[in-house]
Amino acid sequence: MDFLRNTNIDFMKYRKFWIGFSIAVMVIGAVAVFFLGQLNMGIDFAGGTQLTLKLADEPEIQQLREVLSRAGLKESQIQRFGKPGENEILIRTPIVEGSEEGAAAQILDALGQHYNKADANADLNQIGTGSIAQLLVAANPDGVAGEPETVAAHYTAVAESVMAVRKEKALFRSWDEVAAVPGLTAKAFASLKSAASIGKFSPLATENVGPQVGSELRRRGFLAVVGALLGMLVYIWIRFELRFGIGATMASLHDVLITLGLYAFMGYEFNLTTIAAFLTLIGYSVNDTVVTFDRVRENMNKHRGRNLMKVLNDSLNQMLSRTLLTGGTAVLASLMLFLFGGDVIHGFSFIMLCGIIIGTYSSIYIASPFALLWEQWFGSVGKDQKSQTKSAPRTTPTRAR
Amino acid sequence: MKKGLLIKGGFIVGLALLSILAAYPLKDKLNLGLDLQGGIHLVLKVETQDAVRAETDKDMEVLRREIADAGVSSVATSKIDDLSFDVTGVPIEQDAVLNKAANDYLTSQRWDWRREGSKTTFKMTSLNERNVRNLAVEQAKLTIDNRVNQYGVAEPVIARQGLEGDRIVVQLPGVDDPERVKRLIKSTAFLEFRLTEYPKNGGGGVATRDEILANYGGSLPADVEILSQDQKDDQGRSLGLRYYAVQKRRVITGRDLKSANTSAGQFNQPVVAFHLSADGAKMFGEATGANVGRGLAIILDNRVVSAPVINSRITDSGIIEGNFTQQEVQDLVTTLRSGALPAGITYLEDRTVGPSLGQDSIESSTKAGMLSMICVVLTMVVIYRGSGVNALIGLALNVVLLFGALSYFHATLTLPGIAGIVLSIAMAVDANVLIFERIKEEMKVGKTVRAAIDAGFSNALSSIMDANITTLIAALFLFQFGTGPIRGFAVTLSIGILGTLFCAIFVSRFLFDLVYTPTRKSQSISI
């Protein structure tokens, strides 16, 4: 099937408009992100504690806020997580001054007081296989005889089956659900019921990043992004010419900044995975641009002496079907990730989705015009490259205007 | 030509089979990251200063005893800081005794000392300090390893972060009892026995700090500190704190323990029974013998566990009582046996993922991945027809190779890693698109099918290489500076890129060669 064959669109005609438009959007995004502090810094970089909890009942956020506030954790943020009806919440607390270890225990304590009225028995929704097995071993309701190892093995198997059910349900809501656990005898159930309790929540994930690691992760994330950008600039510089390197780098910077602006606007959390997403985006964006530049280089060699703007336009047209096709499949793939990939990678897929769309636009409307601009501003000063000396004089300002 | 095709085909099929062999069954072979299977990731810091302080305390005490034993009973020591102390009370004419004791018991490599007037100042050498710190981290690593093994975790990772430095990374996949395990690892089980100063006989401590301070007229002597004890009723409920003033000097520490066991006390309550090493027994006997009637605080991780009265000289064994539950005694014995940690531990980073969250993540990301794949497949077949199928075979092979490589290299598949796979598949299509578009262009110029295929591949090659190398650069930087899940992502992305190059350039070419043989008169190509 032919798709956008033999187009002849003058992409470069409105380059000033597009560059201006993009710069405006970039500046707005950058101001919002860097000066207004709109970026929702996750605990990876800001440090702090984050708990993901599954509750038995519909969470009452306002009430929970008060509970945490009373426990001295005024600055906690509570938000819903996951699909509606799943009763999942996310609690985030900033770094506790002077401590590396965070407030997870404090939060769990406060919630325990609130929901479970400080029941001293072990909470089946919080302990794991080892502890359940130990409770059963201590009581030995099944009357297993023999070596301690045999007894332990028997109850470990039972405990594992209890945990398998909890893993499926995320938490036990009633003793009936525990009674239904396969392999749990009536006596064992009775002994669990007397030794343990069923709390109203279960921690799904607990994360704490202390100030030391937080600042280190910030540094490393920054180095990764800057390093990747510089690495690519150098690679393209070696493989092509500086002006193309600049064009490609500008294009990916453009993609990153605009996506970052959108990301901040959507209020997604900025964390380690975000850095990975942005680096992938940079890779994709440069990839997209390089392919076009590759054609530009080929055409420059084929039609020596033709002016750069025409070469750029021709190359963009020739590559148009490829650019849109590749961009299209990548957008489709990230759309699926975005829609169905779950909450944990929502931010990641959002970046890829927006980034690829913006990246496709920028490899057409930003990268090449920037290469051309660089040529116009610095082309005569550019010291080397035969192809450059041939094309440079023709892309004089008279023609460009 | 035919033979060449056969060899290529054999190579491709062989590689695919090897990958399947390496990755089958996927469930067992694939190493899932902590974010997918649940587990604990910890970065902890060994407070090596504790070890240095303990070393100084110990050497100072040994030296004092040896000098006293050699007949200079007026000898006294006082600590300056964690790295140095003064010895006083040794008359100048008996300096030889001091020097002999120091040379015998503190080898000259470990301490420098200089006499100035009536006092001799000892300073730990920097070499010794480095050794002590390094040893503390190594020992902590071993101890944690012991504890984790005793607890029973499959495939734990316990490694120092970097060659030097005081950090240890602990990864415990599949652990579903995070709070308990974290306590178990962290409890330094730093056990100390110290004499109480107020109340002199222990006596259950006092209710407030102020009461102790008042006793000393507002400020504590330099060698005394206040420690607290948790009071609990028999239901395990907290009854508040009791306070003791205890000497800073330790009689013995957990290091002097030879063994520890669970046992039952006089009221059948759970207690820890211990035996001391010969060295420890000597020191313990001396201190208890000289202080009958005083309280002896048993301190675990800077908390008073109990402070019984010394009734008589005790040498090589004893019990530790406290308000312990059976489980607490069990865990305490585990930690004491595995060797007390040589120094305190601080968790700098702690990420725990429960089993059900990981399960959810696997389900949703697999679903999203499948759907992405279907989208890509449909697009390719609709646009490129027969050649689209060619691309799909390449893609399928790419996926097989990817999982083969992940399994073979024991790389870890993380949640971002799954996203990485989906993306690298989507981007792998790019290489095919580049080639196919090029073939179409070459056909437009009037080339035959064969010639167009040849030209298409060779002309698209440099673009494909450039495009993928740039992404590889990004992946390398991610790997270099990333941690945990992000590294997993970088690895899958990199493997995906290499697979893409192989499939698009080599496999796809092979398939074209196979279908459009030079002898075939075909003038059309399904593209």
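This is a predicted model: local features need pLDDT of at least 70, side-chain atom pairs count only at pLDDT 80 or more; totals for chains, interfaces and linings use all residues.
**View 1. Helix α6 of chain A from end to end.** This helix covers residues 148-169, 22 residues in total. From its first C-alpha to its last, α6(A) reaches 31 Å, close to the 32 Å expected at 1.5 Å a residue.

**View 2. The buried face of α6(A).** Look here for A:Y155, A:V158, A:A159, A:V162, A:M163 and A:R166, which are buried. Seen down the helix axis, the buried residues of α6(A) fall within an arc of 140°, so they line one face of the helix. Their packing partners in chain A are α5 (129-139) and α8 (186-195).

**View 3. The domains of chain B.** The domain assignment gives chain B a domain 1 made of 2-37 + 354-515, a domain 2 at 48-128 and a domain 3 at 187-351. Between domain 2 and domain 3 of chain B, the C-alpha centres lie 27 Å apart.

**View 4. Where domain 2 of chain B meets domain 3 of chain B.** Here 5 residues of domain 2 of chain B are in contact with 5 residues of domain 3 of chain B. On the domain 2 side, the touching residues comprise 2 nonpolar, 1 polar and 2 charged residues.

Definitions and conventions
Residues are numbered from 1 along each chain as its sequence is written. Chains are lettered from A and ligands numbered from 1 in the order in which they are written. Domain bounds come from an automatic or database domain assignment. Two residues are in contact if their C-beta atoms, placed from the backbone, lie within 7 Å. Ala, Val, Leu, Ile, Met, Phe, Trp, Tyr, Cys and Pro count as nonpolar, Asp, Glu, Lys and Arg as charged, and the others, Gly among them, as polar. Helices (H or I, at least four residues) and strands (E, at least two) are DSSP runs, numbered from the N terminus. The expected span of a helix is 1.5 Å times one less than its number of residues. A residue is buried if 20 or more other C-beta atoms lie within 10 Å of its own, exposed if 12 or fewer, and partly exposed in between; C-beta atoms are placed from the backbone. The arc is that of the directions from the helix axis to the C-beta atoms.
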